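User: I am new to this structure and would like to learn how to read a few of its features. Please show me the model first.

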Amino acid sequence: MIFITHAQDNVGIVTEVSGLQPAFSVSPDLQARELVPFGQKISLQDMHKGQPVIRYGQVIGYLTEDLEAGRWLQQTHIDLPEAPTLDSIAWKKTDLPELDPLAGYTFEGYRNRDGSVGTKNVLAITTSVQCVAGVTEYVVDRIKKDLLPGYTNVDDVVGLTHQYGCGVAINAPAAIVPIRTVKNLALNPNFGGEVMVLGLGCEKLRPERLVPQKQGGNGESDILYLQDESLDGFDGMVTEILAMAERHLEKLNSRKRETCPASDLVVGMQCGGSDVFSGITGNPVAGFASDLIVRAGGTVMFSEVTEVRDAAHLLIPRCRSEKVANRLKEELRWYDDYLIGGQADRSANPSPGNKRGGLSNVVEKALGSVVKSGSSPIVDVIAPGERVQKKGLNFVATPASDFVCGTLQVAAGMNMHVFITGRGTPYGLSMVPVIKVSSNTPLKERWHDLVDLDAGRVITGEHTIESLGWELFELILDVASGHKKVACDKLGIHNDLALFNPGPLT
Ligand code: CA
């Protein structure tokens, strides 16, 4: 009926779906003094104003008033503590635990020329500017209807449309973030190295910047400008684009799945619509699966700067080298400054829904959020829009916003996505399979057709973090092989890409 995360905690989490009624005896020493709803905190002892509130064995804030044992500890009862300064967190050379290797796990994937492995076979149409988005969407529909039935080995066609490209300060230092994101999106392993770009002709972001230098070799351009004077009207554009698409579809259609080691997995971990259970069910289950992937030699990325900032003291010591620790500090510091520049602070996170889900503040959210990174050393830190280079656990510095983070993880090269939610979000991406994990069973019961795996079963005691971590790992391999479809793909529910543009518009 209540869950205590850590032996030192002075608050518990109500796991009774109907909440704890007043006078209900939790134990011989603890009685609820008022209704404490599902997912909310109950004080385990008499506490006084100024006393630290402890969850996950860590201080999540200080009491603003005296509170007796058995009371509902609400958000207004806690002051947000200062975030530790990054300079005050030292990296020390320690013997980081090396996890035992895990051999023998494979999946059926599409091996690419550059060695990366796709889990889907998708034609992506890159765009250099929003002006071409309408035409792109039209063409994508036409390809699906007229061409795709002839290329049965190709799963889908997507337009990589976005709001960038013109009316932007293209030479501002921060412009590199959206530019490299658009370029690297097209290199995602699921697109098989077949890059084609639709441009307008007069935009600031030149389409040439988006095509890899070595592509093709057949002499035909993979860029089409809608302003090309040889094109006769809309029909002329469409005919030309369909011909270009067909050349790429032919190559994609010849891709075959082959047995690949689990070390070819590149899994992006993200949470959205978190609740108080995310940190004790969904995220630890994802963290256990992260460790399994790393042990199998694979790549895991976790992200969401504002949701790790308050747990920096737990992450910096986990960096494999001082250089990696300094890179992590550099990205976190950049984001601190970015928030200051926008006159925002970290109290902008959590969301109202997070709070209704029992999360008091960003410190508590961060402590629960970083658990999805598992326990392995952080081998590299990647700037937003860049691709991961190293196998093992990577921190990819992105905003926490679901679609922006997802877009940057697609650009970083993920071939599988795990998304943990407590409040519920129907999030999905068409480019990369998204496995949705619920942190509580009532959500899975309500959203039975939208959630792929229920980590809330940890609470009921039927399962453990380990057993569900293995279940998630096996599910990742099955989905990566194309043996199982995730809920959002079955339903065809997919979100738009959303670029992170920290630079100015003109
Ligand atoms: Ca998120």
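This is a predicted model: local features need pLDDT of at least 70, side-chain atom pairs count only at pLDDT 80 or more; totals for chains, interfaces and linings use all residues.

User: How many residues of strand 12 are buried?

Analyst: Buried means under 20% relative accessible area, with a 1.4 Å probe and protein chains only. Strands are DSSP runs of E of at least two residues, and helices are runs of H or I of at least four, numbered from the N terminus. In strand 12, six of six residues are buried.

User: Which residues lie on each side of strand 12?

Analyst: In a regular strand, side chains alternate between the two faces of the sheet. Here Val122, Ala124 and Thr126 are on one side, and Leu123, Ile125 and Thr127 on the other.

User: Which strands pair with strand 12?

Analyst: Two strands pair if DSSP finds at least two bridges between them. Strand 12 runs parallel to strand 13 (residues 156–160), with five bridges, and parallel to strand 14 (residues 195–199), with four. Val122 has Asp156 as its bridge partner in strand 13, while Ala124 is opposite Val195 in strand 14.

User: Where is Ser128, and what does its side chain join?

Analyst: Ser128 is in the loop between strand 12 (122–127) and helix 1 (133–147). Its relative accessible area is 0%, so Ser128 counts as buried. A polar contact is a pair of N or O atoms within 3.5 Å; within protein, one must be able to donate a hydrogen and the other to accept it, and residues adjacent in sequence count only if both atoms are side-chain atoms. The side chains of Ser128 and Glu203 make one of 2.5 Å.

Technical notes:
Residues are numbered from 1 along each chain as its sequence is written. Side-chain values use heavy atoms; hydrogens and water are left out. Buried means under 20% relative accessible area, exposed over 50%, partly exposed in between (1.4 Å probe, protein chains only).
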